[in-house]
Amino acid sequence: MALLALVLALILAPCQGFGELDEETAAAADAYFLRLFTRSEAIGGGVIVSRDGETLYEYFYGADAKYNGRPVDGDTVFKVASLTKMITAVGVMRLKEEGKIDLDASLTYGEGALICNPRFPDTPVTLRQAMSHTSSLLGDAPYAAAPAWEKITVDQNRYFDKYEPGSRYQYANLNGGVMGSAIERASGQSLNAYMRDAVFAPLGINAAYAAHLLPDPEPLSRTYTQEGEVYMKAEKYLEEDQAFYEDTCDPDSHYRASVGSLYISLSGMAKIGEVLACGGMADGVRLLSPQAAAEMRADQRTVRGTTVTGESPYGLGVYRFTASDGRTWYGHQGRWVGMLTDLFVEPETRTAVALVMNGVGRSGSGELDAKAERILLRVGQWLDGGMETDGPGSFVVDEDLP
């Protein structure tokens, strides 16, 4: 039963780094992940597991291109799809702590007009609802272009469902777009500029919401389909983003970027995981207060002054997943063409797991791919000290890998 039985020794010394693991244990863990990535027919990817801000284990597989590519490492940058939403939520919470955003105020557009569900004009549509996917925005609401909020009526409505805002869960990509718009409205900066200054630069993360704005675009990977065919080359990302994305503050236009357009290195994903796992801090830098980090994970119905009344598996951009072993993880997944990205944390043990697989098929639920679920189960077994081993330092590999 295995994964991240990274070592019995680590149970006694959980802050030791990967370099201190015995060779036998490290080799066995590598063998597990080699089989996992190989059987998944991945082109490239990797996994980084940290605890208390220290890297416990990392494994990199394949390359950023099928032929003549560079080996994947922590610096390799991927377009991470819907994982964008959770990372953007960190920026929202920084603005909330600065007093520049009220999560329960009515969302606005233009010169202060209210965004509302036309069937419930007196019920506010709020950022807290959008971040918990209870805003009543439709799951298939368009998000490629900015909504014409002023034209939405009961009869002309492609955006809102028939239930009251805050009362029911429905995942909608446009909720992520609302977050980006709110950041620009509150900060007076473009989404990319604000997140660069407030989140990425303080942690030394190579990330951007458009490829040509990456501090270092050189490590950008291609994206592959689940059949292993090229979906987008790195140079095409750079060309298209430069042509279509203007890095200006335009909160009534920039909705799409925060839905799923973030490019970030695998090591950068891991650092964001540390922020969420370790009470708002990573690398000695405090991005959020412990209270804000906890609020992101919370059932939003329980928060004082909340505008959320219905049950949702999401906190504030953070999905709650309870594995079959009873352990609860908090995070988000991105799945797009053949790209699989996951970032999940277990705050009680201050553990974070960052995973990328490029060019793989899909399985599992709508919220969590089966491959990621298996990994989290095995990490949980390791944290509990209940993994099966053949002796000290050993690591049992499943025969039924996905």
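1. The side chains of Asp104 and Arg128 form a salt bridge with an N to O distance of 2.9 Å, the term standing for a side-chain nitrogen of Lys or Arg within 4 Å of a carboxyl oxygen of Asp or Glu. Because Asp104 sits in the loop between H3 and strand S4 (108–109) while Arg128 belongs to helix H4 (residues 127–131), the pair ties together parts that are 24 residues apart in sequence. Both Asp104 and Arg128 are buried, where buried means under 20% relative accessible area, exposed over 50%, and partly exposed in between (1.4 Å probe, protein chains only). A network of salt bridges links Lys96, Asp104, Arg128 and Glu295.

2. The model is predicted, so local features need pLDDT of at least 70 and side-chain atom pairs count only at pLDDT 80 or more, whereas totals for chains, interfaces and linings use all residues. Residues are numbered from 1 along each chain as its sequence is written, and side-chain values use heavy atoms, with hydrogens and water left out.

3. The count comes to 15 salt bridges. Among them, Arg70 and Asp64 meet at 2.9 Å, N to O; Arg70 is partly exposed at 35% relative accessibility, whereas Asp64 is buried, with a relative accessible area of 6%. Glu98 and Lys100 form another, with their closest N and O atoms 3.6 Å apart; here Glu98 counts as partly exposed at 40%, and Lys100 likewise counts as partly exposed, at 47%.

4. Turning to the sheet, six strands form an open arrangement in the order S2-S1-S15-S14-S13-S12, with antiparallel pairing. Its edge strands are S2 (54–62) and S12 (319–322), each of which pairs on one side only, and the twist averages 20° from one strand to the next. Strands are DSSP runs of E with at least two residues, helices runs of H or I with at least four, both numbered from the N terminus, and two strands pair if DSSP finds at least two bridges between them.

5. Within this sheet, strand S1 (residues 44–51) is joined by eight bridges to the antiparallel strand S15 (residues 351–358), and Val49 stands opposite Val353 in S15. Helix H9 (residues 266–277) packs on the sheet, touching S1, S2, S14 and S15, and its direction makes about 150° with that of S15. Contact means heavy atoms within 4.5 Å, and angles run from 0 to 180 degrees between N-to-C directions of axes fitted to C-alpha atoms, for helices over the stretch in contact. Helix H3 (residues 83–97) lies across S13 (328–336) and S14 (339–346), running at about 125° to S13.
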